[in-house]
Amino acid sequence: MTQAEKIKNTNQAIRIGKLIFCYIRRELTRRERAELNAWRTLSPKNEQFFQDAIDPEKIRRNMKSIEENKPLLWEKLREEYPRVRELKPPKQRSIAFRIMKYAAIFIFLLCTMVGIITYRFLTADSRSATPDADQLATISLPLFEFNSHFMMGYLSGMANLSVKEGEHGWFIARVNDGNMWARKKYYRLFTAKDTRFLLNFHDGTSIALNGNATIKYPTWLLQDSIYIFINGEAYINIPATTKHHYFFKISPPINNIEPSAFRQAVADKNSRGIQLESEGGVFHLMAYASGPATTVTLVNGNLRIDSVAGKVVSPIILEPGQQAKLDSGSLNILQPANIDSMWKWKNQ
Amino acid sequence: MQQLVIKFNHKDTKAIAWMYEINHPYATALVERFTKEQEETIDLTQEVLTTMLEHRRPFQDFREVRLFLYKTARNICLNACKRQQMIKDKFSDVQDDYLSGFTQDYYHAITQAELSAFIYRSIEKLPAKTKSIFRLLYYDDMTNREIANHLGIPEKTVANHKTNAYRILRWELRGIKRFVTYLLNLFL
């Protein structure tokens, strides 16, 4: 018998030992069972050996023999190797310890995730976002965009919004007064193509955004003047009882959530931007960056136009039913008929 | 396991103890197959293990250690047969062709050693309390009541540990491994 054959036979003997063990414990796959059966039919001696090997009494005898011989062997070993010490049995961990171990792993992963989200939120201004981005918030993580429920929870946690999903593609959110995490920042939210977003402020002000719109509003709302930047179509309702002055800037969104007068001025100059001020009123805005013109239609209440295309103008006060239309740099005041059809989308 | 072999090659005392712990069931089961008396088994097994521990050439991996162990056990058993010339009396079922080298008996002995080591290890893996009760049951043939009196615990607890031990020994591969086995059975 060659050396290679000897090794092959030894390996097969080792393999058969494992298969018989699996057979005893009913863990054989079909292929393994076929392999074992083939070995058994190879010779009557193999079959006899197999029957002996699975005999419970013989197994017990073998185990007992190993168990009994172990201390005697150990004693003899110690005589020759006095430096070798007996191994301590491994500590049995309690169930509480195991639960704590998994809890620690879970907490670690959770902390890591929260850390990443917080970091991305605090550094959100360094990342650009396009107005046609199909997402609800510029501070979103791309990883979770597929899940609107997660996004709602995410907005609740990080943008301090309580978002609910309404019918016909509406998202209804209640804006809280302030967020200690980002006191001097602006939130910028986007609506997707067929998504409409209703923001309810603490003083009763509500802003309904149609699809593909952008709104930027301050995180801290406990102040006299509140500047809101809008691009897209919106229907705004400011109650007369409000204590705030609302300034609306219709301008393309700039890629920065930090308030910066210079950047805003540059953006205004290159756009059809209008600055509006209202202390209570209902009006409709149509100001898509890619649209033909910017229009502001007052439904009721008061509305004042302070600047047009980045230039300060003498204040223009709109009357209910009037529409200010900025097209090719010139502002015209119109009195359109059937204005209700403009915001049909709001009631769908 | 590889680290253990490396440490064993450097004759680390802890590694030697581990090697003894891992390999003694293989050596005992293999030698026992060719001997009748316990004393003879212990002497020869001790010789096998000592030869392994004193081996100078470094081992590559654990498999090589085991192959060396089997080879050594065979040689030591053969030498014992020849030396004492008591084949018919002290050594059971050893045929003449066995003395000439590798035979079916030798491979059966290896298979038996592997099987015994697997079973022994699975018993050793039992939880400490369950293992101590299982030993009394399995090796010392004690009844539940005797064990309960011996350890000062309720008989019901002994019965629970016994059930648990048998359950673990029969169904050690649980969860995903058992599921994989089930899937393999379905598709292969």
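**Close-ups of the contact between chain A and chain B**

**View 1. Arg60(A) meets Asp141(B).** Their side chains are joined by a polar contact of 2.6 Å (a pair of N or O atoms within 3.5 Å; within protein, one must be able to donate a hydrogen and the other to accept it, and residues adjacent in sequence count only if both atoms are side-chain atoms). This is a predicted model: local features need pLDDT of at least 70, side-chain atom pairs count only at pLDDT 80 or more, and totals for chains, interfaces and linings use all residues. Residues are numbered from 1 along each chain as its sequence is written, chains are lettered from A in the order in which they are written, and side-chain values use heavy atoms, without hydrogens and water.

**View 2. The surroundings of Arg60(A).** Arg60(A) sits in helix α4 (residues 56-80) of chain A (helices are DSSP runs of H or I, at least four residues, numbered from the N terminus). Arg60(A) counts as buried because its relative accessibility is 16% (buried means under 20% relative accessible area, with a 1.4 Å probe and protein chains only). Leaving aside neighbours within four places in sequence, Arg60(A) contacts Tyr138(B), Tyr139(B) and Asp141(B) (contact means heavy atoms within 4.5 Å).

**View 3. A salt bridge between Glu67(A) and Arg135(B).** The closest N and O atoms are 3.2 Å apart (a salt bridge is a side-chain nitrogen of Lys or Arg within 4 Å of a carboxyl oxygen of Asp or Glu). Four salt bridges are counted between chain B and chain A.

**View 4. The side of chain B that touches chain A.** The contact takes 64 residues from chain B and 50 from chain A. Helix α7(B) gives the largest share of the chain B side, 16 residues.

Key:
Helices (H or I, at least four residues) and strands (E, at least two) are DSSP runs, numbered from the N terminus. Buried means under 20% relative accessible area, exposed over 50%, partly exposed in between (1.4 Å probe, protein chains only).
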